[in-house]
Amino acid sequence: LVLEVHLPGGGERRIDGYLSGGVSFPPGQRKGLPLETEIILDAPDPAFYDPVEKTLAWSWPPPEQETAYIGSWRSFPEVVIDGPLEDFTLINLTSGIFIGLQYAIEAGEQVVFSTGPGALAPTSSLGINLAGKISPGSEISGFFLDPDAAGGINRFSAGGIGGIAGTTGV
């Protein structure tokens with residue numbers, strides 16, 4: 001369930017969660033009249049986010065990258081890898097947290113890591129379950145952009161074997 005809030009300045013913010021209670025209307029109240037109710041939303045990540053995506057793209061081989069994050073709460077990125085590439089790793093040098101995959105991504109295949117609270121296994125565009133291919137020590141649910149980094153600058157390093165310039169991308 002996604003709760004969307006429209007801001008007075010025209011922007012919007014969202015929070016992801018699931019319904020855990022509320023929304024009960026006794027039969028005597030169901031007569032087509034306006035009703036008030038309470039909805040209980042459980043959100044694994046209690047932060048509202050800007051739904052407008054911001055993209056940082058690397059060609060291969062990737063140099064160390066920096067991105068400025070001016071938020072005040074941890075932000076959990078979606079990481080997309082375009083093959084070919086084997087044994088992918090992405091390290092947030094600012095926080096020391098990494099994600100990795102012990103898997104050979106084929107040319108034309110795309111693997112997506114959704115990070116943050118409640119994050120599950122990365123997905124492959126070929127429909128392959130990659131849960132058993134996650135590198136030991138990877139912190140998919142704990143991989144984030146750090147709002148407390150000096151100047152908001154988060155530094156990243158990506159790696160892997162067999163990437164091809166102009167084809168492989170992160």
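F144 is buried, at a relative accessible area of 5%, where buried means under 20%, exposed means over 50% and partly exposed lies in between, taken with a 1.4 Å probe on protein chains only. This is a predicted model, in which local features need pLDDT of at least 70, side-chain atom pairs count only at pLDDT 80 or more, and totals for chains, interfaces and linings use all residues. Residues are numbered from 1 along each chain as its sequence is written, and side-chain values use heavy atoms, leaving out hydrogens and water.

What lies over the face of F144? It is R74, at 3.9 Å from the ring centre; a charge counts as over a ring if NZ of Lys or CZ of Arg is within 6 Å of the ring centre and within 35 degrees of the ring normal.

Turning to aromatic pairs, the rings of Phe, Tyr and Trp (its six-membered ring) pair if their centres lie within 6.5 Å, with planes under 30 degrees apart called stacked, over 60 edge-to-face and the rest tilted. By this rule there are three aromatic pairs. One of them is F76 with F144, edge-to-face, at 6.5 Å centre to centre and 70° between the planes. F76 lies in the loop between β5 (65-68) and β6, and F144 in the loop between β10 and β11 (153-161), so the pair ties together parts 68 residues apart in sequence; strands here are DSSP runs of E, at least two residues long, numbered from the N terminus. F76 itself, at 22% relative accessibility, is partly exposed.

As for the sheet, β6, β9 and β10 form an open sheet of three strands in the order β6-β9-β10, with antiparallel pairing, and two strands pair if DSSP finds at least two bridges between them.

Definitions and conventions. Helices (H or I, at least four residues) and strands (E, at least two) are DSSP runs, numbered from the N terminus.
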